[in-house]
Amino acid sequence: MGQECFYKENRRNREMRGLRLGGRFGAEEWRLRPMSQRENEEIWLRCGGDERRYEAAMLAESVCFPDLKDAGLQNSYGAAGADRLLTRLLLPGEYDLLRRAVEEINGGEADGCTAFI
C-alpha cells in the first residue's frame, strides 16, 4: 500500500474499551476512550507540568462511563471535579488498573512502565 496507509482515511482508529474494576460496582463496565496527542498536550499544559495533576486529569478525561462530570455522582462522594472523584471512588488497586488500561488504549504498554509524557 505504501505511503497511502498513513492517510487519515486509511488508518485504523482505536475503539472505546470496556473495563471491569472488581465487583464493587456490580456488573457495570467502565468505558474508556483513546485520545489524540493534541488532547494529551492540552491536558499537560492545563496541569502546568504537575505530573500528579496530569495523571489524574488524563485518567478522568479517558473515562466516558461512568460520567465523572456528573454533579450527582460527584456530590455523592463529596468531590468537586472528575479527577478528584476518581481518588474517592476507587481503591488504590482499582486506580492502578484504570491507569494501566488508559496507557494501553492510548498506545502504551500495559506493564505500567510507559510514561504518559
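This tour goes through the structure one selection at a time, saying what to pick and what is there.

The model is predicted, so local features are described only where pLDDT is at least 70 and side-chain atom pairs only at pLDDT 80 or more, while totals for chains, interfaces and linings use all residues. Residues are numbered from 1 along each chain as its sequence is written, and side-chain values use heavy atoms, with hydrogens and water left out.

**Helix α2**

Begin by selecting residues 51–62, which form helix α2; helices here are DSSP runs of H or I with at least four residues, strands are runs of E with at least two, and both are numbered from the N terminus. Helix α2 has 12 residues and reaches 16 Å from its first C-alpha to its last, close to the 16 Å expected at 1.5 Å a residue, where the expected span is 1.5 Å times one less than the number of residues. At the start of the helix, select Asp50, a side-chain oxygen of which reaches to within 3.0 Å of the backbone nitrogen of Arg52.

Next, colour the buried residues of α2, which are Tyr54, Ala56, Ala57, Met58, Leu59, Ala60 and Ser62; buried means under 20% relative accessible area, exposed means over 50%, and partly exposed lies in between, using a 1.4 Å probe and protein chains only. These buried residues pack against β2 (30–32), α1 (37–46), β3 (63–65), α4 (82–89) and α5 (92–105), with contact meaning heavy atoms within 4.5 Å.

**Two aromatic pairs**

The structure holds 2 aromatic pairs, and rings of Phe, Tyr and Trp (its six-membered ring) pair if their centres lie within 6.5 Å, with planes under 30 degrees apart counted as stacked, over 60 as edge-to-face and the rest as tilted. Select Phe25 and Trp30, whose ring centres are 6.0 Å apart and whose planes stand at 70°, so this pair is edge-to-face. Phe25 is partly exposed, with a relative accessible area of 25%, whereas Trp30 is buried at 3%.

Then select Trp44 and Tyr54, whose ring centres are 5.2 Å apart with planes at 85°, so this pair is edge-to-face as well. Because Trp44 lies in helix α1 and Tyr54 in helix α2, the pair ties together parts that are 10 residues apart in sequence. Trp44 is partly exposed, with a relative accessible area of 25%, while Tyr54 is buried at 2%.

**Leu21 and Glu94**

Move to Leu21, in the loop between β1 (17–19) and β2, which is buried with a relative accessible area of 1%. Leaving aside residues up to four places away in sequence, Leu21 touches Trp30, Leu90, Glu94, Leu97 and Leu98. Leu21 and Gly93 are 72 residues apart in sequence, yet their C-alpha atoms are 9.1 Å apart in space.

From there, select Glu94 in helix α5, which counts as buried at 8% relative accessibility. The side chain of Glu94 makes a polar contact with the side chain of Arg24 (2.8 Å); such a contact is a pair of N or O atoms within 3.5 Å in which, within protein, one must be able to donate a hydrogen and the other to accept it, and residues adjacent in sequence count only if both atoms are side-chain atoms.

**The largest nonpolar core**

Finish with the largest nonpolar core, of whose 26 residues Trp30, Leu32, Leu68, Leu86, Leu90 and Leu98 touch the most other members. A nonpolar core is a set of buried Ala, Val, Leu, Ile, Met, Phe, Trp, Tyr and Cys residues joined through side-chain atoms within 4.5 Å. Helix α2 gives the most to this core, with 6 residues.
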